[in-house]
Amino acid sequence: MRFEYYHDGLADTPKLSVDGTVSNAIHFSHWKGNQTPASVKADTSTEIALNLATAPNREELTGGIDLVTNNHFDTDGVLSVWAMLNGERALELRDQLIAAAEAGDFSEMSTQEGVRASIVIQGSDSPTDVGSPLAQQLAGEPVNDDARCYELVLPQVERVLTRTNDYASLWVDPWNRIASALESFARGRSRVEEDHETKLSLVTLAPDIFSSVGFKPTRHCAPFTAISHHARGEVFLIATPLDGGWAYRIDYPYYSWAETIVRPKIKRRDFSSLIARLNEAEQNPAGQWKIDTSELASAAKFSDANGKLAASSLSLDAVTSELRHSLVKPTAAVA
């Protein structure tokens, strides 16, 4: 098999669309709207590619096509392409491949090595913050072209998975931030309270979660891996003390943007009435409660005119109560 990053010149060419979903292709993808054969479906595209490698009817499933393509760069994309190209040989690294793919796409930590390998490839524990430290190191300059990233990173995949410590300079700082957030939960400074009736996870983050100088929601992304490791609900209310108030964001589980087989389907909610009620009660004119779908799993935030999190005047109890009320309403769920 051979790989070519997707471009318009491939539009009319039969191909295997791995991870991303493009037209005129056989899909091996977990992106919603995919037409992946049911017999090989899995939660990550990497696992789908591994399932294909062991499928007795592999030739039938691929239609004899040897062109593999993808239309974006991230950890799961790279690893699913690599698994497709290497076939049965990739099965020797099955556990490492899946762990890194889950870390990259779902901000999940099944192994520390998987998280670190994903950071090397994609540069963050956020599924939406993509950029390749490895591609930049290999090129000796910033690399903003996804096709070039594939060209540089694909030959390095096996070494990244089996000799992850060789790339410590690329993962150590992001990993230390993740480890600090995990420690904050372990010591009880950050907490998760589960409301089993509404399936709400109330996540309160300690202001010092990343460093001694303090976590600043206006500058840092949420500690996705640490939250994913502890929260079990279908909706997350994430609150951090900020400037005498609270910074709030409402998220869905970080796998929920994908079509999954093992992980349960998460319904998106209609929070328009909730947002209206919160804005009626809000006393900080410097911010506003808004529906926010700028990230794959984000639902709503209290943010300023620039879209950055701001300090709400509303108490944690008040926001939690309003959100719980919204979640128990029969009309709260949307397709």
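Serine 303 sits in strand 11, which spans residues 298–303. This is a predicted model, and in it serine 303 has 3% relative accessibility, so it counts as buried, the cut-off being under 20%.

**Around serine 303**

- What does serine 303 touch, once neighbours within four places in sequence are set aside? The contacts are Gly287, Gln288, Lys290, Lys308, Leu309 and Ala310.
- Gln288 turns up again in the strand pairing, as the residue standing opposite serine 303.
- Strand 10 (residues 288–291) and strand 11 run antiparallel and are joined by 4 bridges.
- The two strands make a hairpin, with 6 residues between strand 10 and strand 11.

**Helix 11 against helix 12**

- Helix 12 (residues 316–328) also packs with helix 11 (residues 272–281), at an angle of about 155 degrees and with the axes 10 Å apart.
- An angle over 145 degrees counts as roughly antiparallel, so that's the label for helix 11 and helix 12.
- The handedness of this crossing is right-handed.
- On the helix 11 side the contact uses Leu274, Arg277 and Leu278, while helix 12 brings Val319, Glu322, Leu323, His325 and Ser326.

**Alanine 258 in its loop**

- Alanine 258 is in the loop that links strand 8 to strand 9 (268–269).
- Not counting residues up to four places away in sequence, alanine 258 touches His30, Lys32 and Phe106.
- Leucine 296 is 38 residues away from alanine 258 in sequence, yet their C-alpha atoms are 9.0 Å apart.

- A second topic is an open sheet of 4 strands with parallel pairing, in the order 1-4-2-3.
- Strand 1 (2–3) and strand 3 (25–28) are its edges; each has a single partner strand, so one side of each lacks a neighbour in the sheet.
- Strand 2 (residues 15–18) pairs with strand 3 in the parallel sense, over 4 bridges.
- Valine 18 is placed opposite phenylalanine 28 of strand 3.
- Helix 3 lies across strand 1, strand 2, strand 3 and strand 4 (67–69), and runs at about 140 degrees to strand 2.

**Helix 5 and its surroundings**

- Helix 3 (residues 75–86) packs with helix 5 (residues 112–122) at about 95 degrees, the axes being 9 Å apart.
- That angle falls in the 65 to 115 range, so helix 3 and helix 5 are roughly perpendicular.
- Thr75, Val78 and Leu79 of helix 3 meet Ser118, Ile121 and Gln122 of helix 5.
- How many residues of helix 5 are buried? The count is 9 of 11, so helix 5 is mostly covered.
- The cover over those buried residues includes helix 3, helix 4 (94–106), helix 6 (133–139), helix 7 (146–153), helix 8 (157–162) and helix 9.
- Just past the end of helix 5, glycine 123 has a positive phi of about 95 degrees.

**The nonpolar cores**

- In soluble globular proteins, nonpolar side chains tend to be buried together.
- The largest nonpolar core here has 69 residues, and the most contacts inside it belong to Phe28, Val78, Leu79, Met84, Leu97 and Ile227.
- Helix 9 (residues 168–186) is the biggest contributor to this core, giving 7 residues.
- Apart from that core there is another, of 27 residues, which includes Leu200, Tyr255, Phe271 and Leu316.
- Leucine 79 is in contact with Thr46, Leu97, Ala100, Ala101, Ile121 and Val157, leaving aside neighbours within four places in sequence.

Methods:
Residues numbered from 1 in each chain as written. Predicted model: local features only at pLDDT ≥ 70, side-chain atom pairs only at ≥ 80, totals over all residues. Heavy atoms only, no water. Core = buried A, V, L, I, M, F, W, Y, C linked by side-chain atoms within 4.5 Å. Buried < 20%, exposed > 50% of the residue type's maximum accessible area, 1.4 Å probe, protein only. Contact = heavy atoms within 4.5 Å. Pairing = 2+ DSSP bridges. Axes fitted to C-alpha atoms, helices over the stretch in contact; angles between N-to-C directions. Parallel < 35°, antiparallel > 145°, perpendicular 65-115°, else oblique. Left-handed = near helix turned anticlockwise from the far one by under 90°.
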